[in-house]
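Here is a short note for a colleague who is new to this protein. Please read the points with the structure open.

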Amino acid sequence: MRPYEELTEFGQTRRLHKLAKNVLNAYNLQSPLRIRLLAYEANHLFRVQGADGQKYVLRICSDKETTLQQNYVEAFWLQALQRDTDLPVIRLIPRTDGEPITVADLPGVPSTRRCMLFGWVPGSSLEKHLSAMYYHQLGQITARLHNYSQILKLPAGITPPRWERVFYFPNEECVFHLPAY
């Protein structure tokens, strides 16, 4: 078997597609399932459609972007927002045993992979329809998220990352003062 790192992006995606099929057995979805690549950025995202027409997104998390602990923080946050607010947040789908994250491996794929299943959010991108009204709504939602985060009681073991620096990446330059920017 060819090493994963030597595969093309298409070859790596094919291997992760097999991993996705295995992972989805842990969820209560109607078979047969249609699974296709939705996006490959930092994570692999697969669109999943059950025989009943229900749609989902399976995220295979990148080891470079997040840790298992951060994935648990995300799961806690999404579940708390769903439970305690009327904000329209993406629905995290737990496994049949109630766990929010599946840790899986597959021969030919280096390291274990963390996977999370989400409900499909219908709609279209606002990218070409930006307006002051949408930015106003974004500000309102952001304020509500901030206010909720101030009253949310965190259980032991849930430690959100802190975003308390201007720059997060090594060797990142400050360019806002340069005329070109």
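1. Charge. The protein carries 21 positive and 17 negative side chains. Lys and Arg count as positive, Asp and Glu as negative, while His and the chain ends are not counted. The centres of the two sets lie 6 Å apart, with each charge placed at NZ of Lys, CZ of Arg, CG of Asp or CD of Glu.

2. Basis. This is a predicted model, in which local features need pLDDT of at least 70, side-chain atom pairs count only at pLDDT 80 or more, and totals for chains, interfaces and linings use all residues. Residues are numbered from 1 along each chain as its sequence is written, and side-chain values use heavy atoms, leaving out hydrogens and water.

3. Layout. The protein has three helices and six strands, taken as DSSP runs (helices H or I, at least four residues; strands E, at least two). From the N terminus the order is α-β-β-β-α-β-β-β-α.

4. Main core. The largest nonpolar core has 21 residues. Such a core joins buried Ala, Val, Leu, Ile, Met, Phe, Trp, Tyr and Cys residues through side-chain atoms within 4.5 Å; buried means under 20% relative accessible area (1.4 Å probe, protein chains only). Leu-24, Leu-58, Ile-60 and Leu-117 have the most contacts inside this core. α1 gives the most to it, with four residues.

5. Leu-24. Beyond neighbours within four places in sequence, Leu-24 is in contact (heavy atoms within 4.5 Å) with residues including Leu-33, Val-48 and Leu-117.

Terms used:
Buried < 20%, exposed > 50% of the residue type's maximum accessible area, 1.4 Å probe, protein only.
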